[in-house]
Amino acid sequence: MEKLKPCPFCGRPAEVKATHKLYLHGWVGCPVCKVYMQWTNEPTGAMDKWNRRAGPTQPYDLLHEEGGVDA
């Protein structure tokens, strides 16, 4: 099974939870932040989406971009 990246908000380890009622379903996510991706039948798709992250971005500097502050 693929290793999950930590939570993007708090940095704690992510978890995969499954329940067996009428069909197999569950969630992938952070139980601390309550951020989840639900899945049915197999968790691999939700795990792939959880691990997909945008790269680091530069913060937007409104004052500099709008010409309010000379750099």
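This is a predicted model: local features need pLDDT of at least 70, side-chain atom pairs count only at pLDDT 80 or more; totals for chains, interfaces and linings use all residues.
Visitor: How many helices and strands does the protein chain have?

Guide: The protein chain has 2 helices and 3 strands. Read from the N terminus, its elements follow the order β-β-β-α-α.

Visitor: How do I read a sheet? In what order do the strands stand here?

Guide: Strands of a sheet pair through backbone hydrogen bonds, either parallel or antiparallel. Here 3 strands make an open sheet, ordered β1-β2-β3, with antiparallel pairing. β1 (15–20) and β3 (35–40) are at the edges. Each has a single partner strand, so one side of each has no neighbour in the sheet. From one strand to the next, the twist averages 20°.

Visitor: How many bridges join β1 to β2?

Guide: There are 6 bridges between β1 and β2, and these strands run antiparallel. Follow some partners across. E15 has G29 of β2 as its bridge partner. V16 has V28 of β2. H20 has L24 of β2. The two strands form a hairpin, with 3 residues between them.

Visitor: And over how many bridges do β2 and β3 pair?

Guide: β2 and β3 pair over 6 bridges, in the antiparallel sense. C30 stands opposite V35 in β3. This hairpin has 4 residues between the strands. Look at K34 there: K34 takes a positive phi near 65°.

Visitor: Which strands does α1 touch?

Guide: α1 packs on the sheet and touches β1, β2 and β3. Compare directions too: that of α1 makes about 155° with that of β3.

Visitor: How do I read a core? Which residues make up the largest nonpolar core?

Guide: In soluble globular proteins, nonpolar side chains tend to be buried together. In this model the largest nonpolar core has 9 residues: L4, C7, A14, V28, C30, W39, A46, M47 and W50. α1 gives the largest share, 3 residues.

Visitor: What is L4 in contact with?

Guide: Set aside the neighbours within four places in sequence. L4 is then in contact with A14, E15, V16, V28, M47, W50 and N51. Take A14 from that list. L4 and A14 are 10 residues apart in sequence, yet 6.2 Å apart in space, C-alpha to C-alpha.

Visitor: Now W50. Where is its place, and is W50 buried or exposed?

Guide: W50 has its place in helix α1. Its relative accessible area is 5%, so W50 is buried. Leaving aside neighbours within four places in sequence, the contacts of W50 include L4, C7, A14, V28 and C30. Other contacts of W50 include K5, P6, P8, G29, V35 and M37. As for V35, W50 and V35 are 15 residues apart in sequence and 10.0 Å apart in space, C-alpha to C-alpha.

Visitor: What backbone atom does the side chain of W50 reach?

Guide: The W50 side chain reaches the backbone oxygen of K5, at 2.9 Å. Now look at N51, also in helix α1. The N51 side chain reaches the backbone nitrogen of K5, at 2.7 Å.

Visitor: Step back to the protein chain. What percentage of its residues is buried?

Guide: Buried residues make up 18% of the 71 residues. The protein chain exposes about 5,800 Å², and carbon and sulfur atoms supply 54% of that area.

Visitor: And what share of contacts joins residues at least 24 apart?

Guide: Count the contacts between residues at least 6 apart in sequence. Of these, 28% join residues at least 24 apart.

How values were computed
Residues are numbered from 1 along each chain as its sequence is written. Side-chain values use heavy atoms; hydrogens and water are left out. A nonpolar core is a set of buried Ala, Val, Leu, Ile, Met, Phe, Trp, Tyr and Cys residues joined through side-chain atoms within 4.5 Å. Buried means under 20% relative accessible area, exposed over 50%, partly exposed in between (1.4 Å probe, protein chains only). Two strands pair if DSSP finds at least two bridges between them. Axes are lines fitted to C-alpha atoms, for helices over the stretch in contact, and angles run from 0 to 180 degrees between N-to-C directions. Contact means heavy atoms within 4.5 Å. Accessible areas come from the Shrake-Rupley method with a 1.4 Å probe; for residues, only the protein chains shown count as cover. A polar contact is a pair of N or O atoms within 3.5 Å; within protein, one must be able to donate a hydrogen and the other to accept it, and residues adjacent in sequence count only if both atoms are side-chain atoms.
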